[in-house]
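Reader: Hi! I'm new to this, could you walk me through a structure?
Author: Happy to, let's look at it together.

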Amino acid sequence: MLVNMKQLLEVAQEHQFAVGAFNVADSNFLRVVVEEAEKNNSPAIIAVHPTELDFTKDDFFHYVLARIKNSHVPFVLHLDHGDSVENIMRAIHVGFSSVMIDGSLLPLEENIRVTKQIVDIAHPLGVSVEGELGTIGNTGTTIEGGVTEVIYTRPEDAKEFVESTGVDTLAVAIGTCHGIYPKDMKPQLRMDILRQIKEVVDIPLVLHGGSANPDEEIAEAVKIGIQKVNISSDYKYAFYKKCREILAETELWDPNAIYPDCIDAAKEVVQYKMNLFQSVDKADVYRTENVLAWRTAQL
């Protein structure tokens, strides 16, 4: 079932669990996320970065939408880190049910203006919008970017941002980074800031850079009020680690011989994250709550 982010995360907020947003850049990773979500009866978010959208091409998402609309578990198809009206409109045109506008590097007033512009475009179409306030760090092990020094989200700015833009979800900066942390780099998550934000903002909150952080910190963040955790590097790393092992030890060249074990390795990570986020078996909650498919909700 395809739903938008507002539908998905309001239920998660009410029932105090989080949903994983897994970046997908080809059919192998789509299989990993969809099949593991169905196996675990868990909602899931298929996240697509603009670079992944360029790589996969629009026609790929006709297959994606056909697959998830016919599933018994709820999915969101979400544009991750949209950085222009053009790529956001492209995603909406293709059929994405949720978009993110990342104005985090802009001054607060400009971030509010740009984000509200996207909200005004997307909401009449039933598409939910994620904004971002504060900045995510960069481990140097990912193409997703980030900054050298994290700018933590100010609770008073978060309140103003949400009230002024009308966003459905807010990505906050509490110390995470994109990518896998090098051995000499330790994340420093500010749970005190997250609690302060939660006191003044009532919409679902998002944690970017969810890979490679200590489980106990992620679990605590979910308990405080994070409803969406972005995962990309962790499960991609597992996939390609297994792929490198197979290619180093064999002369195989057929995808159907190489990729099955890689898919299974990535699935193990996704299942682990779903358990950590407490989303396993939560798909039933959406049926109990009578959450309608996105297309139906638009009518």
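Author: One term to begin with: a residue is buried when its relative accessible area is under 20%, exposed when it is over 50%, and partly exposed in between, using a 1.4 Å probe and protein chains only. This is a predicted model, where local features need pLDDT of at least 70 and side-chain atom pairs count only at pLDDT 80 or more, while totals for chains, interfaces and linings use all residues. Residues are numbered from 1 along each chain as its sequence is written, and side-chain values use heavy atoms, with hydrogens and water left out.

Reader: Got it. New topic: which residues of helix α8 are buried?
Author: In α8, residues 191-200, they are M191, I193, L194 and I197. Looking down the axis of α8, these buried residues fall within an arc of 155°, so they line one face of the helix. That arc is taken from the directions from the helix axis to the C-beta atoms. Helices are DSSP runs of H or I with at least four residues, strands are runs of E with at least two, and both are numbered from the N terminus.

Reader: What do the buried residues of α8 pack against?
Author: Their partners are α7 (155-165), β7 (169-172), β9 (205-207), α9 (215-224) and β10 (226-231). Contact means heavy atoms within 4.5 Å.

Reader: How many residues has the largest nonpolar core?
Author: It has 78 residues, and I46, L77 and Y235 have the most contacts inside it. Helix α11 (residues 255-277) gives the most to this core, with nine residues. A nonpolar core is a set of buried Ala, Val, Leu, Ile, Met, Phe, Trp, Tyr and Cys residues joined through side-chain atoms within 4.5 Å.

Reader: Last one! Which side chain does H81 have a polar contact with?
Author: With that of H208, at 3.0 Å. A polar contact is a pair of N or O atoms within 3.5 Å; within protein, one must be able to donate a hydrogen and the other to accept it, and residues adjacent in sequence count only if both atoms are side-chain atoms. H81 sits in strand β3 (residues 75-82) and is buried, at 7% relative accessible area.
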